[in-house]
Amino acid sequence: MRNKPTNFGAKTELIVPEELYEIIRKDLVIDLPRPTYSRVILPLSALLEGEIFNEYIKRGNVLMLSEGRIDRDNVYYLRQGVLTLHLDKESYERAGLVGKPDGVKGKRGTKPRWVVELELRSPSMLHGKKGFDRIVYAFKNVLNTPVTWLFLDLETSTPTPSPMERHFPLNKTVSPDVQEMQVNMPSLQPPTDVDMSYGADFEDYAVEVQERYSYILQAGQDRMAGILVSKLGT
């Protein structure tokens, strides 16, 4: 079930041989800048005000994702100046913003949902413009509940002090975690004595290799789901 936008990932894992790791270590582990994420609570209307709007949305390059499940809650995210709102039917109708149906129409067991995309870097997105003032009204009178956001500034030079400081963000710097994995590799040497009549030895070998690779593939999928695989059996 979909629960977050595809533009965001909670975790990235890279599994490489030791020889390749030594080649990429400097770029990925030593020289790669450490991103600082912030958790901050603020309403949607704050994105359209003051330095947050001018520095982060109009000119900057930030990512923002609100808390919640995208298939159930009102969830918002900002990327490259585009604010996307995933709304339930009631919120969408009350907000009065133009959007489109979200998800598969008529799917059994699901409630109607809508998605609204707002190009906040458009020249028409300024206070005093009719379309922009409609958004401000919706954010202040309908979608006005403060929500928890994940915030990341992708710019190398950021405003000082940060416009987010007035909202008391909780900051966390992320560093890569390097772990050495010991993997027992099965022998891939095919049998040399083959029964020319039936080829049973080679057939057993092929089935065994297929089973091992299927296990490795499943283990990788489980790992991505948060299940740690500590050892591959021989």
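Modeller: Gladly, and let's start with a term: two strands pair if DSSP finds at least two bridges between them. Strands themselves are DSSP runs of E with at least two residues, helices are runs of H or I with at least four, and both are numbered from the N terminus. This is a predicted model, in which local features need pLDDT of at least 70 and side-chain atom pairs count only at pLDDT 80 or more, while totals for chains, interfaces and linings use all residues. Residues are numbered from 1 along each chain as its sequence is written, and side-chain values use heavy atoms, leaving out hydrogens and water.

The part I'd pick is strand 4, which covers residues 82–88. Six of its seven residues are buried, so strand 4 is largely enclosed by the rest of the structure. Here buried means under 20% relative accessible area, exposed means over 50%, and partly exposed is in between, with a 1.4 Å probe and protein chains only.

Who are the neighbours of strand 4? One is strand 3 (residues 75–79), which pairs with strand 4 in the antiparallel sense over five bridges. In this pairing V75 stands opposite H86 of strand 4. Strand 3 and strand 4 make a hairpin with two residues between the strands. Look for Q80 in the loop between them: Q80 is not a glycine, yet it has a positive phi of about 50°.

Another neighbour is strand 6 (residues 113–119), which runs antiparallel to strand 4 and is joined to it by seven bridges. A pair to find on screen is L83 with its bridge partner L118 in strand 6.

Now let's step back to the whole sheet. In general, strands of a sheet pair through backbone hydrogen bonds, either parallel or antiparallel. Here eight strands form an open sheet in the order 5-6-4-3-2-7-1-8, with antiparallel pairing. Its edge strands are strand 5 (100–101) and strand 8 (170–173), each of which pairs on one side only.

If you follow that order towards strand 8, you come to strand 1 (residues 36–42). Strand 1 and strand 7 run antiparallel and are joined by six bridges, with V40 standing opposite W149 in strand 7. Strand 1 also pairs with strand 8 in the antiparallel sense, this time over four bridges. There, R39 has L170 of strand 8 as its bridge partner.

The loop between strand 7 (147–153) and strand 8 holds F168.

Next come the side-chain contacts. A salt bridge is a side-chain nitrogen of Lys or Arg within 4 Å of a carboxyl oxygen of Asp or Glu, and the whole structure has three of them. One links R59 and E55 at 2.8 Å, N to O. Being four residues apart in helix 2 (residues 50–59), these two are separated by about one helical turn. R59 is exposed at 55% relative accessibility, whereas E55 is partly exposed at 24%.

Another salt bridge joins R69 to D71, with the closest N and O atoms 3.5 Å apart. R69 is partly exposed at 25%, and D71 is partly exposed, also at 25%. The side chains of R72 and D73 meet in a salt bridge too, at 3.7 Å, N to O. R72 is exposed at 55%, while D73 is partly exposed at 28%.

Finally, have a look at helix 1, residues 18–30. Patches are made of residues with over 30% relative accessible area and no salt bridge; like charges are joined within 9 Å, and nonpolar side chains (Val, Leu, Ile, Met, Phe, Trp, Tyr) within 5 Å. The areas come from the Shrake-Rupley method with a 1.4 Å probe, and for residues only the protein chains shown count as cover. L14, L28 and L32 form a nonpolar surface patch with about 270 Å² of accessible area together. L28 lies in helix 1 and is partly exposed at 37% relative accessibility.
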